[in-house]
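We will go from one stop to the next, picking out residues as we go.

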Amino acid sequence: MKNHKYILFFLLIIPLKTLAQNKNHFIGINPNVTVEPFYNKGELDINIFPFVYQLTVTKRADLRFTSILNLGIRNNGNDISHFGLETAIPIFLKKKSDKNDLSKSFYVSPVISLTRNKIEMHNNIGIWLEPGYNLLFDDKFAMTFGLQIGGTYFNYDNNIDKWRNHFGVKIIFGKWI
């Protein structure tokens, strides 16, 4: 986990450089519910700050950031559980004629997620592949549908670290500005 500072540094530098070069920015939300196999029955996490920011980087690729601030619904009380950031690079199968065209159609994206779970006391590094579709409407409103498949490394404070499978459904609503 010591290298996570370097990863986070590079994930933040790339958009700052491209921010000045882009005219189109996507702002949206990603409503999200998480249920882990090790949670007790009826326990779950709800992302209460599901902010999404995306920008075009090339004629084929975008860069997307999703905030994670989960409210943990637990049988013994509710509290903030996870907080962190998910970064994705949607690579569109159809090349755009100009890099500042709005993104649409089928994509495949590598995804990295860095979070801290303060209830179960562990850091997470998620590495996923996300195939999906970005649907674009005339008024620059967009909806993204994706499936995330991969694994998450659980780095526990006082327990044995382990890898677990990850499967998620990604739905994003928002607008290009």
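Predicted model: local features only at pLDDT ≥ 70, side-chain atom pairs only at ≥ 80, totals over all residues.

Residues are numbered from 1 along each chain as its sequence is written, and side-chain values use heavy atoms, with hydrogens and water left out.

**Stop one: the pocket.** Select Asn32, Thr34, Glu36, Trp128 and His166, which lie nearest the centre of the largest pocket among its 32 lining residues. A pocket here is an open set of 1 Å grid points where a 1.4 Å probe fits, with protein on both sides within 12 Å along at least five of seven lines; lining residues have an atom within 4 Å of a point. Its volume is about 650 Å³, counted as the space filled by probe spheres set on the points. The lining holds 10 nonpolar, 17 polar and 5 charged residues.

**Stop two: the core.** Now pick Phe26, Val52, Leu102, Ala142, Ile172 and Trp176, the largest nonpolar core, meaning buried residues (under 20% relative accessible area, 1.4 Å probe) joined through side-chain atoms within 4.5 Å.

**Stop three: the strands.** Show E8 (105-117), a strand, that is, a DSSP run of at least two residues. E8 pairs antiparallel with E9 over 13 bridges, where pairing takes at least two DSSP bridges. Zoom in on Val111, which stands opposite Trp128 in E9. On its other pairing, 7 bridges join E8 to E6, also antiparallel, and Leu85 stands opposite Leu114.

Methods
Helix = DSSP H or I, 4+ residues; strand = E, 2+ residues; numbered from the N terminus. Nonpolar A, V, L, I, M, F, W, Y, C, P; charged D, E, K, R; others polar. Buried < 20%, exposed > 50% of the residue type's maximum accessible area, 1.4 Å probe, protein only.
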